[in-house]
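Visitor: I am new to this structure and would be grateful for a close look at its side-chain contacts and the packing around them.

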Amino acid sequence: MGFWIFMVCANLMLPILMIIFGAVFLHWPPREVNGFYGYRTAKSMKSQEAWNFAQMYFGKVWLRTGLLMLIPSVLAMLPCMGESDGKVGLWGLILCTVECVIMVLSILPIERALKRRFPER
């Protein structure tokens, strides 16, 4: 049971970090275009206006995505409660992989919004 609790906590880390970073970028986004900190893609770094929009939109997307992933992450671990450590670990790995895919896919709506708002000339 101890390993199951550990895996639930480990699988909650990504949604919680997405919520935290989403809130930070929503309320305290990086002010100037830079190559160190912020939502840095070719489209977001084309202008200061695009940069500001991308940081705010990134914050909204990650905050919502993190909140939407929070409860399902716990519920997804319930079927393996009381199982062997191997099964719990495998299930946790699968869930972590799904969470990572969702996190990476969250880039798509941001890039689409940048393309709509700042069409290339």
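Guide: The count of salt bridges comes to one, where a salt bridge is a side-chain nitrogen of Lys or Arg within 4 Å of a carboxyl oxygen of Asp or Glu. Glu 83 and Lys 87 form this pair, and their closest N and O atoms are 3.5 Å apart. With a relative accessibility of 37%, Glu 83 counts as partly exposed (buried is under 20% relative accessible area, exposed over 50%, partly exposed in between, with a 1.4 Å probe and protein chains only).

The model is predicted, so local features need pLDDT of at least 70 and side-chain atom pairs count only at pLDDT 80 or more, while totals for chains, interfaces and linings use all residues. Residues are numbered from 1 along each chain as its sequence is written, and side-chain values use heavy atoms, leaving out hydrogens and water.

Turning to nonpolar packing, the largest nonpolar core has 14 residues; such a core is a set of buried Ala, Val, Leu, Ile, Met, Phe, Trp, Tyr and Cys residues joined through side-chain atoms within 4.5 Å. Those with the most contacts inside the core are Met 18, Tyr 39, Phe 58, Trp 62, Ile 110 and Leu 114. Two or more residues come from each of α1, α2 and α4 (107–117), and α2 gives the most, with seven residues.

Helices α1 (residues 2–27) and α2 (residues 48–77) have axes that come within 6 Å and cross at roughly 160°. The two helices are therefore roughly antiparallel to each other, a label for angles over 145 degrees. In their contact, 22 residues are nonpolar, seven polar and one charged.

Terms used
Axes are lines fitted to C-alpha atoms, for helices over the stretch in contact, and angles run from 0 to 180 degrees between N-to-C directions. Helices (H or I, at least four residues) and strands (E, at least two) are DSSP runs, numbered from the N terminus. Angles under 35 degrees count as roughly parallel, over 145 as roughly antiparallel, 65 to 115 as roughly perpendicular and the rest as oblique. Ala, Val, Leu, Ile, Met, Phe, Trp, Tyr, Cys and Pro count as nonpolar, Asp, Glu, Lys and Arg as charged, and the others, Gly among them, as polar.
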